Amino acid sequence: MNATLIKSDLIGLAKDQDWWRGAVIYQIYPRSFQDDTGDGIGDLRGITRRLPYIASLGVDAIWISPFFTSPMKDFGYDVSDYCDVDPMFGTLADFDALVHAAHVHGLKVMIDLVLSHSSDQHPWFGESRADRYNDKANWYVWADAKPDGTPPNNWLSIFGGSAWSWDARRCQYYLHNFLVSQPDLNFHEPKVQDALLDVARFWLERGVDGFRLDTINFYTHDAQLRDNPPLPVEARNASIAPAVNPYNHQEHLYDKNRPETLEFLRKLRALMDPYGAAAVGEVGDAQRGLEIMGEYTAGDDLVQMCYAFELLSGEQPDAAHVAEVMDHVARVASDGWACWAYSNHDVVRHATRWNLTEDAQRLFATLLMCLRGSACIYQGEELGLTEASVAFDDLQDPYGIEFWPEFKGRDGCRTPMVWEASNQNGGFSTAAKPWLPVAHEHLAMSVEQAERDPHCLLDHYRHAIALRRAHPALAKGAMQQMRADGAVLQFRRKMQADELLCLFNIGPDTASVALPAGKWAVVDAVPKATKIEGKTVTLAGWQSLVMKPEGDE
């Protein structure tokens, strides 16, 4: 597939420069989506084969987690060549074919750019560590030891221990916020920024419609290498790192969240705009995630959207919590744009994390489609997949291996997608043993099984996404008058003549609330039976209800 065809596809799909606002994005973890070669690992051709299914959901875009050349110490989030495809996933030609096919199906393609760090196998790092005087000597974060030989400061790695590792070639420490094999790039070096912008340009020229920006708030570090202050016990939050990780004991003022990051984001936005491309940044911060989201998405010269971890939290959100989060967003990110998700490749699947019944999953799916912001769905979420139990001997995730058994890592949410129940690998692979085992309990939840049941969760996801697409107010409108009345969350969405009242009973018991003044007609109710008496509506447990002013067409 030649680049000219790919670019023409892009131009045809990019007419709406605002396509990302309110978009529904389907996240694909390529190792676990579809194996087309029989080696037990998912690949690009497998994704292409399954595009009709993804398109049938009604989503606007796909986000593909890293597929670049990598030694796979962190499964692709350690990149050794930013401009090529790792052979386990296929070739650049396979990627071009995927982009073309996605565009034919009306799907945008977003890819996962890992810019804060590379692999230690990247040629850039090999040259940088050779000595202190080469052309790339300053491309990574190097620092001398303290007089006693200890690391330059107290910064910690998310994966455990110090964020500094000693390198005998340079007799200096290098910074790694994640694995030792993931050295941090130095964004204070202009040539590094230029090289990373060239990476983004390479993929834009191949036809991608945007990027998911991994660990966006880690790009820049404090040039003075000041120590992070301690965080009081009562302020610690385990949403970013597990509670057993001392990373939670610091206030991360200096190793991330630096204001200099904004300069690079403006350059990236200026590069993306002519292509009609958009980016969603991952904000990894347990204390200031929403504030940073507001800073990074404000105006029209930074990234279009970011997501924080408030709805990726461990406890099931009730009406009061959702209202509190949205009120917080309104205060600190009124000029920005959020992207909401319940599950992804880094957290326990929300069906398990929140211990949800299928009725509860339906309600949360509809809620996701009614909140102001864009939305991400993680592969298998639409089937109701639960967190898989992975034995220690089968673990692949270095994070889980490090903190086992108190924290079992991320493999449980990364097990293969289940397409059919007819074999032990669920239609994912013909290999004798895939890279992670298919959870036995997932086989009965396969796409094949779901397609036979018109009342399944998969059908509801399609219904909820279609509801969003049918109403501009849900995709791009303002969100007003949000409040929690006991277990019932209610708010309005409005865009020009399209106005909706959204009510969600976030709990198993029936609940009654008063309707606002005026007459209201039901647009959507799940379950369908709705009891309205005068100005009072009674909601069944886990019922969602969307209404419009009576008389609206």
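# Reading helix packing, a pocket and a loop

Me: In this structure, helix 6 passes helix 7 in a right-handed crossing. By what quantities are two packed helices described?

Reply: The model is a predicted one. In general, a pair of packed helices is described by the angle between the two axes and by the distance separating them. Here, the axes of helix 6 (residues 190-205) and helix 7 (residues 261-272) come within 10 Å of each other and cross at roughly 25 degrees. Helix 6 and helix 7 are therefore roughly parallel, since angles under 35 degrees are counted in that way.

Me: Which residues make the contact between helix 6 and helix 7?

Reply: Helix 6 contributes Gln193, Leu196, Leu197, Ala200, Arg201 and Leu204, while helix 7 contributes Phe264, Lys267, Leu268, Leu271 and Met272. By class, the residues of this contact comprise eight nonpolar, one polar and two charged.

Me: At what angle do helix 11 and helix 14 pack?

Reply: Helix 11 (residues 358-370) packs against helix 14 (residues 457-470) at about 20 degrees, and their axes are 9 Å apart. That angle makes helix 11 roughly parallel to helix 14. Their crossing is right-handed. From helix 11, Glu358, Gln361, Arg362, Ala365, Thr366, Leu368, Met369 and Cys370 take part; they meet Leu457, His460, Tyr461, Ala464, Ile465, Leu467 and Arg468 of helix 14. This contact of helix 11 with helix 14 has nine nonpolar, three polar and three charged residues.

Me: How is empty space in a structure found, and how many residues line the largest pocket?

Reply: The general idea is to roll a probe the size of a water molecule over the atoms, which shows where empty space remains. In this model, the largest pocket holds about 880 Å³ of space. Its lining consists of 41 residues, and Ile240, Asp346, Val347, Phe407 and Arg410 are those nearest its centre. The lining divides into 21 nonpolar, 10 polar and 10 charged residues.

Me: Where does Gly314 lie, and which residues does Gly314 contact beyond its neighbours within four places in sequence?

Reply: Gly314 sits in the loop that runs between strand 11 (305-307) and helix 9 (319-332). With those sequence neighbours set aside, Gly314 is in contact with Arg353 and Trp354. Gly314 and Arg353 are 39 residues apart along the chain, and their C-alpha atoms are separated by 6.1 Å.

Methods: Residues numbered from 1 in each chain as written. Predicted model: local features only at pLDDT ≥ 70, side-chain atom pairs only at ≥ 80, totals over all residues. Heavy atoms only, no water. Axes fitted to C-alpha atoms, helices over the stretch in contact; angles between N-to-C directions. Helix = DSSP H or I, 4+ residues; strand = E, 2+ residues; numbered from the N terminus. Parallel < 35°, antiparallel > 145°, perpendicular 65-115°, else oblique. Left-handed = near helix turned anticlockwise from the far one by under 90°. Contact = heavy atoms within 4.5 Å. Nonpolar A, V, L, I, M, F, W, Y, C, P; charged D, E, K, R; others polar. 1 Å grid on protein atoms, 1.4 Å probe; cavity = no way out; pocket = protein on both sides within 12 Å on 5 of 7 lines; lining within 4 Å. Points joined across faces, edges and corners; volume = space filled by probe spheres on them.
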